[in-house]
Amino acid sequence: MRKVDLLFAEYSKSHRNATNKFIHWICVPLIFWTILGFVSLIPAPHLCISYFGCISIVSIVTVIVITLFYIRLSLLIGAIMLFIMSLMEHTIYLANIDFGRQSWSIYLFIFIITWIFQFIGHKIEGKKPSQDVQFLLIGPIWLLSFILKKSGIRY
């Protein structure tokens with residue numbers, strides 16, 4: 001069995017309840033987005049790309065490292081997540097422009113609320129969320145795997 005399938009199987013053990021899964025479909029992408037948002041606020045030089053906007057060098061490095069992690073598991077998943085993270089970075093750029101110095105409070109609010117819901121989902125599930133940071137990165141691609149399977153696309 002491939003490593004990606006082993007990780008999905010391990011992640012699935014504490015994500016079987018329908019309500020918990022539903023909560024994860026909403027909260028996991030938002031948590032992932034807020035983490036990228038927090039990273040974008042680390043003071044660093046920015047690279048500006050015409051339509052896309054500006055992205056910090058720290059954000060670029062973070063996206064590259066995460067993409068490399070995903071590519072090690074599956075080239076297709078890595079490519080799709082690079083595209084998704086690029087879209088997220090664009091919305092983060094817009095949020096940082098719209099909310100300025102207060103954007104951290106938006107990220108923090110969403111982060112806290114979504115984690116509260118995650119804990120509620122796991123309480124309903126009857127299993128604690130994983131303590132492994134690796135599974136913070138597995139959550140988004142675990143959800144993506146359902147979309148790919150439903151579409152008949154092998155990853």
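Is K13 buried, partly exposed or exposed? In this predicted model, K13 counts as partly exposed because its relative accessibility is 43%, where buried means under 20% relative accessible area, exposed over 50%, and partly exposed in between (1.4 Å probe, protein chains only). Residues are numbered from 1 along each chain as its sequence is written, and side-chain values use heavy atoms, with hydrogens and water left out. Because the model is predicted, local features need pLDDT of at least 70 and side-chain atom pairs count only at pLDDT 80 or more, while totals for chains, interfaces and linings use all residues.

K13 leads on to the charged contacts. A salt bridge is taken as a side-chain nitrogen of Lys or Arg within 4 Å of a carboxyl oxygen of Asp or Glu, and this rule gives a count of 2 salt bridges. One joins the side chains of E10 and K13, at 3.2 Å from N to O. The other pair is R2 and D5, with 3.1 Å between the closest N and O atoms. R2 is partly exposed at 38% relative accessibility, as is D5 at 23%. E10, with a relative accessible area of 41%, is also partly exposed.

E10 sits in helix α1 (residues 3-12); helices (H or I, at least four residues) and strands (E, at least two) are DSSP runs, numbered from the N terminus. Although E10 and S130 are 120 residues apart along the chain, their C-alpha atoms are separated by 9.7 Å.

Of its 21 lining residues, W115, Q118, S130, F135 and L136 are the closest to the centre. Helices α2 (18-40), α5 and α6 (133-150) each contribute at least two residues to this lining. On a 1 Å grid over the protein atoms alone, a pocket is an open set of points where a 1.4 Å probe fits, with protein on both sides within 12 Å along at least five of seven lines; lining residues have an atom within 4 Å of a point.

Helix α5 (residues 103-125) includes I112, which is partly exposed with a relative accessible area of 42%. I112 belongs to a nonpolar surface patch of about 880 Å², made by L41, W104, L108, F109, I112, I113, I116, F117, I120 and I124. Patches consist of residues with over 30% relative accessible area and no salt bridge, like charges being joined within 9 Å and nonpolar side chains (Val, Leu, Ile, Met, Phe, Trp, Tyr) within 5 Å; areas come from the Shrake-Rupley method with a 1.4 Å probe, and for residues only the protein chains shown count as cover. I106 and F38 are 68 residues apart in sequence, with 9.9 Å between their C-alpha atoms.

The strands complete the picture. Strands β1 (residues 46-49) and β2 (residues 53-56) pair in the antiparallel sense over 4 bridges, pairing being assigned if DSSP finds at least two bridges between two strands. H46 has S56 of β2 as its bridge partner, and I49 stands opposite G53 in β2. A hairpin of 3 residues joins β1 to β2.
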